[in-house]
Amino acid sequence: MKKIAFLSFGHWTASPQSQTQSAADTLLQSIDLAAEAERLGIDGAYFRVHHFARQLASPFPLLAAVGAKTRKIEIGTAVIDMRYENPHYMAEDAGAADLIAGGRLQLGISRGSPEQVIDGWSYFGYTPREGESDADMGRRHAKEFFELLRGKGFAQPNPRPMFPNPPGLLRLEPFSEGLRDRIWWGAGSNATAVWAARLGMNLQSSTLKFDETGEPFHIQQAAQIRAFRAAWKEAGHSRTPRVSVSRSIFALIDDRDRAYFGRGGQEQDKVGFIDGNRQAVFGRGYAAEPDVLIEELRKDEAITEADTLLLTVPNQLGVAYNAHVLEAILTTVAPALGWR
């Protein structure tokens, strides 16, 4: 395990038990948690994007703010739903945020997940082409975005521009060199993992995937990672790809931890249905004393296969407690898993 990062969904609610009662609370605390995580030595701060929900949505203002407030930590998403995105506008936003961060962006993108509203992307002005599904549209947007990050000129310059142009066709600006190598695809199946590998994107695999064999989640996820790496090698890409997996992991070291997470209930995978009638498997969570946790995590084949672990955090419990959660993992569990 080379890198460990946190992943926040950025929930907020007016409940008196929540430390994030507004969007402003969530955004500002996300920045503070990233800065605190960097101080603790964690490798990355990642954020989930959901539309029409009381959660983090527009990622680039947050990523830019975190980039301005930190110096070393990776800053990413897991994931941006590409059904909602204009690839050209997104390329500009991503380039700007990456330059502000000094080249630390790690952008996870995907075709999207089950939504809060029906056909939410249509409210953003996007409609699948004839014969396309919304998932096809998301992958098409992703390919367009990924191609734009090459930085090649494609737009015919105005012969009488307001400002002088460089020679040749124009590209989108600002352009951030190297960002294209830091794009990740959130794959829910083996086939989409292979698709991403052939294109040259890194792989993000979450706590959910389509149930393709009936085996335990971590075994199916490990097989997905191996299929991705085999396709990457076959495609002949020159660099080594990165692979992340997400997990809910809590080391029970004090009474607060035991009160919040010591009651069990997450020890088994769960099977459900998404996209109508397609069966999916949802990976188990982990909560135990550090020595027990280490032994359980060593048996998780997907964690062993991946190079990056994204720890989902309960952001509504506030910055101080989440920093405690991360520090407990870094100091009592991570070294035994080979971190650093």
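Guide: Ala, Val, Leu, Ile, Met, Phe, Trp, Tyr, Cys and Pro count as nonpolar, Asp, Glu, Lys and Arg as charged, and the others, Gly among them, as polar. By these classes, the lining of the largest pocket holds 16 nonpolar, 22 polar and 7 charged residues.

Visitor: What kind of model is this?

Guide: This is a predicted model, in which local features need pLDDT of at least 70 and side-chain atom pairs count only at pLDDT 80 or more, while totals for chains, interfaces and linings use all residues. Residues are numbered from 1 along each chain as its sequence is written, and side-chain values use heavy atoms, with hydrogens and water left out.

Visitor: How much space lies in the largest pocket?

Guide: Rolling a probe the size of a water molecule over the atoms shows where empty space is left. On a 1 Å grid over the protein atoms alone, a pocket is an open set of points with protein on both sides within 12 Å along at least five of seven lines, a cavity is a set where a 1.4 Å probe fits but cannot get out, and lining residues have an atom within 4 Å of a point. Here the largest pocket contains about 1100 Å³ of space (points are joined across faces, edges and corners, and the volume is that filled by probe spheres set on them).

Visitor: Which residues lie nearest the centre of the largest pocket?

Guide: Phe9, Arg48, Ser206, Thr207 and Leu208 do, out of a lining of 45 residues. At least two lining residues come from each of several strands, including S3 (74–81), S6 (202–205), S7 (208–210) and S13 (308–312). Strands (E, at least two residues) and helices (H or I, at least four) are DSSP runs, numbered from the N terminus.

Visitor: What is the volume of the second largest pocket, and what lines it?

Guide: Its volume is about 230 Å³. The lining has 15 residues, with Phe60, Tyr84, Glu85, Tyr89 and Asp93 nearest the centre. Helix H2 (59–69) and helix H3 (87–100) each contribute at least two of the lining residues. By class, 10 are nonpolar, 3 polar and 2 charged.

Visitor: How many cavities does the structure hold?

Guide: There are 5 cavities of 30 Å³ or more. The largest cavity has a volume of about 100 Å³. Its lining comprises 13 residues, and those nearest its centre are His50, His51, Asp81, Ser113 and Glu115. The lining divides into 4 nonpolar, 6 polar and 3 charged residues.

Visitor: How many aromatic pairs are found in the whole structure?

Guide: A pair of aromatic rings is described by the distance of the centres and the angle of the planes. The search finds 9 pairs here (ring centres of Phe, Tyr or the six-membered ring of Trp within 6.5 Å; planes under 30 degrees apart are stacked, over 60 edge-to-face, the rest tilted). Trp185 and Trp195 have ring centres 4.8 Å apart and planes at 65 degrees, so they form an edge-to-face pair. This pair links distant parts of the chain, 10 residues apart: Trp185 belongs to strand S5 (residues 183–186) and Trp195 to helix H6 (residues 190–199).

Visitor: Is Trp185 buried or exposed?

Guide: Trp185 is buried, at 1% relative accessible area (buried is under 20%, exposed over 50%, partly exposed in between; 1.4 Å probe, protein chains only).

Visitor: Why is the pair of Tyr260 and Phe261 called tilted?

Guide: The ring centres of Tyr260 and Phe261 are 6.0 Å apart and the planes are at 55 degrees, so the pair is tilted. Tyr260 is partly exposed at 45% relative accessibility, whereas Phe261 is buried at 15%.

Visitor: Which residues form an aromatic cluster?

Guide: Phe52, Tyr84, Tyr123 and Phe124 form one cluster. Tyr84 is also one of the residues nearest the centre of the second largest pocket.
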